[in-house]
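Subject: Structure handover

Hi,

Here is the structure for your files. Please open it next to this email, and my notes on it follow below.

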Amino acid sequence: MKKNTVMKLSKETNSNTHMGNISINSDVIAEFAGAIAMECFGIVGMAGLNVKDGLVKLLKLDDIKRGVSVLVRNNKLVINFHIIVAYGVNVMSVSENLISTVKYRLEEFTGIEVAKVNIFVEGVRVID
């Protein structure tokens with residue numbers, strides 16, 4: 001039988017280099033990931049979830065990190081996106097584009113491996 005493994009969850013990630021210690025707060029990573037998502041075709045915005053009322057609302061650009069959660073597990077990133085997509089786009093294509101773009105750019109930006117990107121489509125909006 002396999003033993004249950006305990007995963008290390010952290011609010012920030014640390015790296016030791018020859019010049020010193022580097023700490024990156026997960027809020028910084030979430031904001032960068034949200035900005036990347038907003039550049040992707042087919043994504044209208046990030047979704048803010050109101051758990052109390054069960055409502056989803058489109059977040060303003062100042063609040064994009066609220067639609068993104070970042071977990072650090074065993075020195076790897078797990079990113080969760082809550083997005084709103086444009087009406088008429090292929091959701092699978094938009095999701096695949098978002099995953100590959102975020103994975104590449106975040107690994108380039110932080111130097112930390114992205115283990116998983118989860119996408120939750122919370123709504124659809126018609127764009128004029």
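Is Asn74 buried, partly exposed or exposed? Asn74 is partly exposed, with a relative accessible area of 48%. The classes work like this: buried is under 20% relative accessible area, exposed is over 50%, and partly exposed is in between (1.4 Å probe, protein chains only).

Some ground rules before the rest. This is a predicted model, in which local features need pLDDT of at least 70, side-chain atom pairs count only at pLDDT 80 or more, and totals for chains, interfaces and linings use all residues. Residues are numbered from 1 along each chain as its sequence is written, and side-chain values use heavy atoms, with hydrogens and water left out.

Overall layout

The protein chain has 2 helices and 8 strands. Their order from the N terminus is β-β-β-α-β-β-β-β-α-β. Both kinds of element are DSSP runs numbered from the N terminus: helices are H or I with at least four residues, strands are E with at least two. The chain has 128 residues, and 34% of them are buried.

The loop between strands 6 and 7

Asn74 sits in the loop between strand 6 (68-73) and strand 7 (76-86). Its phi is near 50 degrees, which is positive in a residue other than glycine. Asn75 is in the loop between strand 6 and strand 7 too. Phi of Asn75 is near 60 degrees, again a positive value in a non-glycine residue. Asn75 is partly exposed, at 48% relative accessible area.

Helix 1

Helix 1 covers residues 26-39, which is 14 residues. From first C-alpha to last it reaches 20 Å, close to the 20 Å expected at 1.5 Å a residue. That expected span is 1.5 Å times one less than the number of residues. The buried residues of helix 1 are Ser26, Ile29, Ala30, Ala33, Gly34, Ile36 and Ala37. They lie on the same side of helix 1, because they cover an arc of only 160 degrees around the axis. The arc is taken from the directions from the helix axis to the C-beta atoms. As background, an α-helix has 3.6 residues a turn, so residues three or four places apart point the same way.

There is also a contact at the start of helix 1. A side-chain oxygen of Asn25 comes to within 2.8 Å of the backbone nitrogen of Asp27. A polar contact here is a pair of N or O atoms within 3.5 Å; within protein, one must be able to donate a hydrogen and the other to accept it, and residues adjacent in sequence count only if both atoms are side-chain atoms.

Salt bridges

Side chains of opposite charge can pair when their charged atoms come close. The rule used: a side-chain nitrogen of Lys or Arg within 4 Å of a carboxyl oxygen of Asp or Glu. The count is 3 salt bridges.

- Arg105 and Glu39 pair at 2.8 Å, N to O. Arg105 is in helix 2 (residues 91-110) and Glu39 in helix 1, so the pair ties together parts that are 66 residues apart in sequence. Arg105 is partly exposed at 29%, whereas Glu39 is exposed at 56%.
- Glu113 and Lys76 pair at 3.8 Å, N to O. Glu113 is in the loop between helix 2 and strand 8 and Lys76 is in strand 7, so this pair ties together parts that are 37 residues apart in sequence. Glu113 is partly exposed at 41%, and Lys76 is partly exposed at 34%.
- Glu107 and Lys103 pair at 2.8 Å, N to O. They are 4 residues apart in helix 2, so about one helical turn separates them. Glu107 is partly exposed at 27%, and Lys103 is partly exposed at 33%.

Thr110

Thr110 is in helix 2. Thr110 is buried, with a relative accessible area of 14%. Its side chain reaches the backbone oxygen of Leu106 at 2.8 Å. A polar atom of the Thr110 side chain also lies 3.1 Å from the backbone nitrogen of Ile112.

A surface patch

Tyr87, Val124 and Val126 form a nonpolar patch on the surface, with about 370 Å² of accessible area together. Patches take residues with over 30% relative accessible area and no salt bridge; like charges are joined within 9 Å, and nonpolar side chains (Val, Leu, Ile, Met, Phe, Trp, Tyr) within 5 Å. Areas come from the Shrake-Rupley method with a 1.4 Å probe, and for residues only the protein chains shown count as cover. Val124 lies in strand 8 (residues 114-125). Val124 is exposed, at 52% relative accessible area.

Best regards
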